[in-house]
2 protein chains.
Amino acid sequence: MQKAAIERNNEVIAAQLAPVGRETVQDRVYSELRRALIGGLFEPSQVLTIRGLADALVTSTMPVREALGRLITEKALEALPNRSVRVPPITLERIDDLLRARILIEGEAISLAASRMGPRQIATVEGLLREWDEIRALKHKKDVDREVTLNQSFHFEIYRACGSAVLIPMIESLWLQSGPCIRVAIYAFSEAGEVDTARYHRTMVSALASGDAQAAREALVADISRPFTFLRSKLQSAKEQT
Amino acid sequence: MQKAAIERNNEVIAAQLAPVGRETVQDRVYSELRRALIGGLFEPSQVLTIRGLADALVTSTMPVREALGRLITEKALEALPNRSVRVPPITLERIDDLLRARILIEGEAISLAASRMGPRQIATVEGLLREWDEIRALKHKKDVDREVTLNQSFHFEIYRACGSAVLIPMIESLWLQSGPCIRVAIYAFSEAGEVDTARYHRTMVSALASGDAQAAREALVADISRPFTFLRSKLQSAKEQT
DNA sequence: TCAAAGCAAGTGTGATCACATATCAAAAAT
DNA sequence: ATTTTTGATATGTGATCACACTTGCTTTGA
């Protein structure tokens, strides 16, 4: 009986081959729409149609409608009584509501992460910070998309360390809801704003490295508050003009 | 021109007729599954099939698969790599994780509600409390479903007063995730447990009536912690036996 | 000239079909 | 007797169709 030999051969094969994964079309559509939403590629109040998205993503309507349904339950999109779906419009109340929730939950997450991040994770986020500096150094073209992605990686690398399978999906939902809002703030941000962001991020990392949960939380609150307060004042003045 | 007369006639009709509403089949399926999950009608680790649910709910597969997808994104259900879906199993870590998140978010919600609930809302929750007492008074049959519904109404009547369109869906998601867990605790609860629940609820109401956010939060934490710690010790001992 | 009716294109929803994969028990091979 | 193979059934996924409703423009009527 060559059972042992076969077993050994299978193990060798398993070591060489990476799992191919079986992502469905629906999952890819969902991920793509998430990416677009968080990146602020859709404008607030923009309406989305199933067939339109299906054409744009080169699939049929079926995966799109299922992805839209999922995004609607996450409040990342909004179902109108007309049965059409749009990205939620910005209001003053919504901005304050979102910021409060983000401070509450992301603050808790980073506070938990402070006592759980090892040198390994600290090094990773420091690497992301360095990568960011490099991009800002050669500032010929405004690679906003790259910065958004990097910012997202930075934050979620920290949140992932909090070890909560419940909090992280909630934070993802909050980012999904905030995405269309803060994009307009990002575009309007001057060089000064980005310098601030980098400083807050560095403060967060050093606080995390020393296990100072309170300092990390405060730096995070300052970081995520800034685009919201900026957007708030902008909306406020726009409202007064009318 | 009888335009004014027509207008008046239309208003009369509008006053007599109630909006008929256009709830889709998918929405009804979703609501029904939510109710079942929060009520703990499904057991942890139970697998659900699209066609099975479609038969049980007397519809086709289409609305069911969409409802399942939405519940999966809310983490109320879990998609296995086999592409089958089940209600998430209970683990010690998950219990602690859920309780921490619920204390954080529902605590914030009730704290906000404390300064926003008027006499009108206070009266409503007091009415729910009285209704509960009546049910407990004629305790011939264990109407657990009714108590679960009443408990849910009580809490969400308060949460709704917090005025946050962001926090409330998150709390709903947390209840969806907790439902299958706490059902086993509810069944095991003795009469003593229910008396405690009623006491905590009364404490909450009087704290809310006097606008004492801190006291309301503490009573809430005690209320929602109890089934979790009960379940925790039960799971702990079951684990030690093996 | 302007409001109301009518028409046509577009859109979401649900049903059904086809296909690939998963599951499990019976049969075959060792 | 145990393991492997095989075959039948069940299940999720995506495509397509039919239907109802919405929307915006054109046409009709006052």
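This is a predicted model: local features need pLDDT of at least 70, side-chain atom pairs count only at pLDDT 80 or more; totals for chains, interfaces and linings use all residues.
Some bookkeeping comes first: local features need pLDDT of at least 70 and side-chain atom pairs pLDDT 80 or more, while totals for chains, interfaces and linings use all residues. Residues are numbered from 1 along each chain as its sequence is written, chains are lettered from A and ligands numbered from 1 in the order written, and side-chain values use heavy atoms, with hydrogens and water left out.

Around DNA strand C sit 16 residues, with A:R51, A:R65, B:V25, B:S60 and B:N82 coming nearest; a residue counts as near if one of its heavy atoms lies within 4 Å. By class, this surface has six nonpolar, six polar and four charged residues. Helix 4 of chain B gives the largest share, three residues.

As for individual atoms, a polar side-chain atom of A:R65 lies 2.6 Å from a base nitrogen of DNA strand C. The phosphates are approached by chain B: a backbone N or O atom of B:V25 is 2.5 Å from a phosphate oxygen, and a side-chain N or O atom of B:N82 is 3.1 Å from one.

Turning to the pockets, 46 residues line the largest, and A:R70, B:G69, B:I72, B:T73 and B:A79 lie nearest its centre. That lining divides into 18 nonpolar, 13 polar and 15 charged residues. The second largest pocket is lined by 26 residues, including A:I72, A:A79 and B:R70. Helix 4 of chain A gives the most to that lining, with five residues.

Conventions. A polar contact is a pair of N or O atoms within 3.5 Å; within protein, one must be able to donate a hydrogen and the other to accept it, and residues adjacent in sequence count only if both atoms are side-chain atoms. Helices (H or I, at least four residues) and strands (E, at least two) are DSSP runs, numbered from the N terminus. Ala, Val, Leu, Ile, Met, Phe, Trp, Tyr, Cys and Pro count as nonpolar, Asp, Glu, Lys and Arg as charged, and the others, Gly among them, as polar. On a 1 Å grid over the protein atoms alone, a cavity is a set of points where a 1.4 Å probe fits but cannot get out, and a pocket is an open set with protein on both sides within 12 Å along at least five of seven lines; lining residues have an atom within 4 Å of a point.
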